[in-house]
Amino acid sequence: MVSTKRDREQANEQAIFLAGAQGLFYVIAGIWPLVNLRTFEAVTGPKSDRWLAKTTGLLIAVIGTTLVISARRSRIPLENERLCRSAGGAPAR
């Protein structure tokens with residue numbers, strides 16, 4: 001497959017958009033248990049360790065913030081690309 005400069009630019013633009021979208025989702029989802037644990041538990045079920053839900057939410061929000069910053073800079077370093085790929089499946093497990 002021959003890759004032109006325009007193809008690479010378009011793929012980079014898509015990666016930047018996806019990093020920003022995933023990051024924004026993670027920021028919102030991550031701060032939710034910190035802002036309103038009652039509604040978070042209403043949707044996700046009761047938590048026996050509320051501190052764990054808040055800690056996990058904070059970690060997810062930090063990952064999201066990192067991705068949003070990368071997208072805003074229009075540059076996704078290799079470390080953030082790997083963070084995007086690995087964090088994408090982690091909450092589903």
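Modeller: Happy to! Ser70 has its place in helix α3, which covers residues 50–72 (helices are DSSP runs of H or I, at least four residues, numbered from the N terminus). Please keep in mind that this is a predicted model, where local features need pLDDT of at least 70 and side-chain atom pairs count only at pLDDT 80 or more, while totals for chains, interfaces and linings use all residues. Residues are numbered from 1 along each chain as its sequence is written, and side-chain values use heavy atoms, without hydrogens or water.

Is Ser70 buried or exposed? Ser70 counts as buried because its relative accessibility is 5% (buried is under 20% relative accessible area, exposed over 50%, partly exposed in between, with a 1.4 Å probe and protein chains only). Once its neighbours within four places in sequence are set aside, Ser70 is in contact with Arg75, Ile76, Pro77 and Asn80 (contact means heavy atoms within 4.5 Å).

Now the helix itself. From first C-alpha to last, the 23 residues of α3 reach 33 Å, close to the 33 Å expected at 1.5 Å a residue (the expected span is 1.5 Å times one less than the number of residues). After α3 comes Ser74, which has a positive phi, near 55°.

Together with Ala19, Tyr26, Cys84 and Ala87, Leu67 makes up the largest nonpolar core, 5 residues in all (a core is a set of buried Ala, Val, Leu, Ile, Met, Phe, Trp, Tyr and Cys residues joined through side-chain atoms within 4.5 Å). At least two residues of this core come from α1, and at least two from α4 (78–89). Ala87, a member of this core, touches Gln22, Tyr26 and Ile63, leaving aside neighbours within four places in sequence.

Charged pairs complete the tour. The structure holds 3 salt bridges (a side-chain nitrogen of Lys or Arg within 4 Å of a carboxyl oxygen of Asp or Glu). In one of them, the side chains of Arg50 and Glu41 meet with N and O 3.0 Å apart. Arg50 belongs with the partly exposed residues because its relative accessible area is 47%, whereas Glu41 is buried at 12%.

The other pairs share Arg6, as Arg6, Glu9 and Glu13 are linked in a network of salt bridges. Between Glu9 and Arg6, the closest N and O atoms are 3.6 Å apart. Glu9 and Arg6 are 3 residues apart in helix α1 (residues 5–35), so about one helical turn separates them. For Glu13 and Arg6, the N to O distance is 3.8 Å.
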